[in-house]
Amino acid sequence: MAQAIADELGVKLEISSMSFDNALTSLQTGKADLAIAGISATDERKEVFDFSIPYYENKMSFLVRKADLDKYKDLTSLASANIAAQKGTVPEIMVKEQLPNAQLTSLTNMGEAVNELQAGKVDAVHMDEPVALSYAGKNSDLVVASVNLTMKDGEANAVAIKKDQSDLKAVVDKVIQKLKDEGTYQTYLEKAAKLTEVEQ
C-alpha cells in the first residue's frame with residue numbers, strides 16, 4: 001500500500017522499520033510523512049494526527065494452545081489469564097479495558113508473543129484475526145478461540161498523517177479506495193499474514 005501511495009505521488013518510497021510507538025513519534029516529529037502500522041483512528045489520536053479513510057476494519061481474536069481450547073470458551077475463563085499482546089496496539093488496549101483482572105504481557109513483536117504462548121509462559125495472545133488464523137494454520141499446536149472482546153467504533157485501521165496535510169490526505173484516500181475497489185488490498189492482507197509468521 002505504501003508503494004502504491006508513493007507511485008501516485010510520484011516519489012521514491014523510503015520505509016523505516018520501527019516499533020509501533022516509534023512510528024507515531026516519528027510522524028509527529030517530522031521524521032516520517034505517513035505512518036502505516038495497523039494504527040486505529042481513535043478519538044485520542046485524532047487530536048494529534050489526521051487519518052485517511054479506513055483501509056481495514058479490525059477483527060480481533062485470541063490465539064491459544066490447542067490443548068487449552070476447551071478451557072477458554074468465554075470471557076470469564078480469560079478473566080484472570082495471562083494474556084500477551086503487542087505493545088501500544090488496540091489489542092493491548094482492549095485487554096486492559098475489558099479484562100482488567102487479567103495478567104497482561106506486553107511484547108514488542110507478535111512473533112515473540114506467539115513463542116511465549118507455545119512455551120507455556122502466557123495463556124493466550126490477543127491479535128488481529130487474519131494473523132491469528134495464519135499462525136493457527138501453520139502451527140498444529142495452536143488454535144483460534146471462539147471468544148472475542150467487543151470492538152469499539154473508531155478502531156478501524158487507517159494511515160496516520162501529520163496535521164494540516166490535506167493534499168497528502170486526499171491522495172492517500174484516493175489510493176486506498178482504489179485498492180479496496182480492485183480487491184488488491186485483500187491480497188495485501190494475505191501476504192502480510194504470511195510475512196508475520198517469519199517473526200517466529
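Leu34 stands opposite Ile161 in strand E8, where strands are DSSP runs of type E with at least two residues and helices are DSSP runs of type H or I with at least four residues, both numbered from the N terminus. Helix H2 (residues 20–28) packs on the sheet and touches E1, E2 and E8, its direction making about 25° with that of E8; contact here means heavy atoms within 4.5 Å, and the angle, on a scale from 0 to 180 degrees, is taken between N-to-C directions of axes that are lines fitted to C-alpha atoms, for helices over the stretch in contact.

This is a predicted model, in which local features need pLDDT of at least 70 and side-chain atom pairs count only at pLDDT 80 or more, whereas totals for chains, interfaces and linings use all residues. Residues are numbered from 1 along each chain as its sequence is written, and side-chain values use heavy atoms, with hydrogens and water left out.

The sheet is open and antiparallel, with three strands in the order E1-E8-E2, two strands being counted as paired if DSSP finds at least two bridges between them. E1 and E8 (residues 160–162) are joined in the antiparallel sense over two bridges.

| Edge strand | Residues |
|---|---|
| E1 | 34–35 |
| E2 | 49–51 |

Each of these edge strands pairs on one side only.

The domain assignment, which is automatic or taken from a database, divides the protein chain into domain 1 (1–57 + 156–196) and domain 2 (60–144). The C-alpha centres of domain 1 and domain 2 lie 26 Å apart, and the contact takes eight residues from domain 1 and ten residues from domain 2. About 810 Å² is buried between domain 1 and domain 2, 60% of it on carbon and sulfur atoms; buried area is the accessible area (1.4 Å probe) that two parts lose on being put together, summed over both.

Between domain 1 and domain 2 the count of salt bridges is zero, a salt bridge being a side-chain nitrogen of Lys or Arg within 4 Å of a carboxyl oxygen of Asp or Glu. On the side of domain 1 that touches domain 2, H2 and helix H9 (184–197) each supply at least two residues, and the largest share, three residues, comes from H9.

Over the whole structure, the search finds eight salt bridges. The side chains of Lys174 and Glu8 meet in a salt bridge at 3.0 Å, N to O. Because Lys174 lies in helix H8 (residues 166–182) and Glu8 in helix H1 (residues 2–9), the pair ties together parts that are 166 residues apart in sequence.
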